[in-house]
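Reader: I am new to this structure. Please show me how to read its features, step by step.

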Protein chains: 2
Amino acid sequence: MLTIKEIAEMANVSRSTVSRALNNSGYVSEDARERIEKVIKETGYAPSQHAKSLRTKKTKVIGVILPTIQTETSGKIVAGIDRVLSANGYQILLANTNLNSEKEMEYIDLLKARQVDGIILIATNTEKQLVEKIKEVSIPFLVIGQEIEGVVSVVYDDYHASRELVSLLIKEGHEKIAFIGVDEEDRAVGYERKRGYIDEMQANKLTIEGAWMQKAVFDIDSGNKAMEQIINRSKEKPTALFAVTDRLAIGALSYLKKIDIDVPNDFAIVSIGASEISQYVDPPLTTVDYQNEEAGSEAGKQILEMIASNEIDPKKITIDYRLIKRNSV
Amino acid sequence: MLTIKEIAEMANVSRSTVSRALNNSGYVSEDARERIEKVIKETGYAPSQHAKSLRTKKTKVIGVILPTIQTETSGKIVAGIDRVLSANGYQILLANTNLNSEKEMEYIDLLKARQVDGIILIATNTEKQLVEKIKEVSIPFLVIGQEIEGVVSVVYDDYHASRELVSLLIKEGHEKIAFIGVDEEDRAVGYERKRGYIDEMQANKLTIEGAWMQKAVFDIDSGNKAMEQIINRSKEKPTALFAVTDRLAIGALSYLKKIDIDVPNDFAIVSIGASEISQYVDPPLTTVDYQNEEAGSEAGKQILEMIASNEIDPKKITIDYRLIKRNSV
DNA sequence: CATATGTGTGGAATCGATACCACACCAATG
DNA sequence: CATTGGTGTGGTATCGATTCCACACATATG
């Protein structure tokens, strides 16, 4: 490992001069600069970022805590974050919790020890402990996907997107609309989307039968089973479904196919996510595009601003959604 | 930011003693240890990883260079890598090239400057310049997805998987089998899979018409267009297709649906990837599962071994594939 | 009883960079 | 000619840890 000292010796200048040349600070003669650059090119020397960080307190690294890397949503958000960050010379240090919420806290500490310049958390819950912890973190912090008071949040408009989807079904003449949701710990996906569904139904004076509402987890299989429950347990069979994610909708769709209920002729399905797959199932799903990549790049922009201004001005940024109408309705 | 010096003062010992207590090296009296631990607990002190790395030359960070974060394949590989690494206290520093091969080289330098303990490259090409660069990197280095001589490589058995798929089609009675591939710069996906196709056809004394073989890029739309070319340009219409990726197969499938060719009754399709979506298109695709997550965790294991042993013993590790038979044949 | 061995501790050097300061030089200014 | 100010350079402290070394003391060994 080459050091600045060796470069200095080879170029016959002091370490200070090499440092100045490297960072374009202070004065360096043309002559000295050329010699230094020549040596650097020949040796392939790269300054140690650790030594640099130790002095400057800047790492040019942002920690990103996410529940899983394997979903399209996470992939898109991270891609969006990375697009902005890498353009500004920052890199991402990954922290994958595997949906284990204790790990969220652990990783916050770990990232602090690594002295990242900022932390972005793709959140799935708003547990009290977590919120407390976030508030006492002294570095720029941002959450995506959940609104946390006092913390810069980039969120989706879960409530209105849900209402709009349900409203669409109602306009198409549906009155008996079922719902597949997830645990309400996940305030955005579990609670807000459900609230949108219930409110829109009520606003249209439609009553909801208990069995129409099922809770599932985040995979296709779970959507399949939830649909089965809905069909088997409800007295009045619904004619439409709002599933809170595409995967749940796809699971439901595959169950309906199995029992020969034709979508969209006998039954309508809508969901949220606009995953690539939603376009290629049969029939293609009517869904809402949350523009995750934009959410990611917005988050990136915000955190860079927080770093630059050294100010934390808690605000909520809502990313626009797009309704995509396809054949499932 | 709390430092070891302050902790030492508060616990009435020297910095050395705190360090020993922290790292369980040397001797520390029970008495001193307790005082130190108490102070650490009260203050929430976390040692600076930078200062530590500067001395120890270890960062507990592995750089992962990948072509894109947005594909299922990348997601799975990274998840596999992370599973092994995080279990051993390592973290991933992400470097996304966005399919720009110049950036691969840039990122190698950047990761070196950040003094990562190792680099894993998810490779899409084997360009000479890149290979040269890799060879002069002095830290543990591993590639996934391409075989590079003299470098530890975790690869898939592209050649045999391809032959097996084509063989399956032949056993089902197909003789006119088309092929959609990608650029041969990508040696694994472009060249090896094509070689498997050609060799298996020849081994069965089947001739290939020029128009049956089309080149595409990595998206669904491109598969669609390639299939159109095959149908329109070939004199003898093929009865089956081997597409080198699921997405290409799905594109081809959607074209066939459009022109009312029924799969699997009039036409068979096989591909490689076992993406989640392959299971939910109509009909579900016969495909090969490359077990990307396992490839990732194997890569993680290998790089940890390289770090531990401080030895670079270039070898090739081939990950097993699984043939998944579904209704598209 | 002298010597060896095992504990426990603090001082100081070190890692590789940055940044401040002092100094030297040279040209322009009054 | 003395003074000023812009350039260019090197010395040295500093960042926050680890690690080696010296030393002090207690106990065990011959």
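Author: We go through domains, helix packing, a salt bridge and some backbone details. Keep in mind that this is a predicted model.

Reader: Which domains does the assignment give for chain A?

Author: Domain 1 of chain A covers 4-47. Domain 2 is written as two stretches, 59-156 + 292-320. Domain 3 covers 158-289.

Reader: Now helix packing. At what angle do H2(A) and H3(A) cross?

Author: Begin with the two axes. Helix H2 of chain A spans residues 15-23, and helix H3 of chain A spans residues 30-43. Their axes cross at roughly 85° and come within 10 Å. Angles from 65 to 115 degrees count as roughly perpendicular, so H2(A) is roughly perpendicular to H3(A).

Reader: Which residues meet there?

Author: H2(A) brings A:Thr17, A:Val18, A:Arg20, A:Ala21 and A:Leu22. H3(A) brings A:Ala32, A:Arg33, A:Ile36 and A:Ile40. Sorted by class, the residues of this contact of H2(A) with H3(A) are 6 nonpolar, 1 polar and 2 charged.

Reader: What about chain B? How do H1(B) and H3(B) pack?

Author: Helix H1 (residues 4-11) of chain B packs on helix H3 (residues 30-43) of chain B at about 125°. The axes are 9 Å apart. That angle makes H1(B) oblique to H3(B). The crossing has a hand too: H1(B) passes H3(B) in a right-handed one. On the H1(B) side, the contact uses B:Ile7, B:Met10 and B:Ala11. On the H3(B) side, it uses B:Arg35, B:Ile36, B:Val39, B:Ile40 and B:Thr43. The classes in this contact of H1(B) with H3(B) are 6 nonpolar, 1 polar and 1 charged.

Reader: Which parts does the salt bridge between A:Glu293 and A:Arg83 tie together?

Author: Take the pair itself, then its place. A:Glu293 and A:Arg83 form a salt bridge, with the closest N and O atoms 3.5 Å apart. A:Glu293 sits in helix H12 (residues 292-309) of chain A, and A:Arg83 in helix H5 (residues 72-87) of chain A, so the pair ties together parts 210 residues apart in sequence. Over all chains, the structure holds 32 salt bridges.

Reader: How do the axes of H5(A) and H12(A) cross?

Author: The axes of H5(A) and H12(A) come within 7 Å, at roughly 40°. That makes H5(A) oblique to H12(A). Their crossing is right-handed. Residues of H5(A) in the contact include A:Gly80, A:Arg83 and A:Val84. Those of H12(A) include A:Glu293, A:Gly296 and A:Gly300. By class, the contact of H5(A) with H12(A) has 7 nonpolar, 6 polar and 4 charged residues.

Reader: Where is A:Gln291?

Author: A:Gln291 is in the loop between strand E10 (286-289) and H12 of chain A. Now read phi. For A:Gln291 phi is near 55°, a positive value in a residue other than glycine.

Note on methods:
Residues numbered from 1 in each chain as written. Chains lettered and ligands numbered in written order. Predicted model: local features only at pLDDT ≥ 70, side-chain atom pairs only at ≥ 80, totals over all residues. Heavy atoms only, no water. Domains from an automatic or database assignment. Axes fitted to C-alpha atoms, helices over the stretch in contact; angles between N-to-C directions. Helix = DSSP H or I, 4+ residues; strand = E, 2+ residues; numbered from the N terminus. Parallel < 35°, antiparallel > 145°, perpendicular 65-115°, else oblique. Left-handed = near helix turned anticlockwise from the far one by under 90°. Contact = heavy atoms within 4.5 Å. Nonpolar A, V, L, I, M, F, W, Y, C, P; charged D, E, K, R; others polar. Salt bridge = Lys/Arg side-chain N within 4 Å of Asp/Glu carboxyl O.
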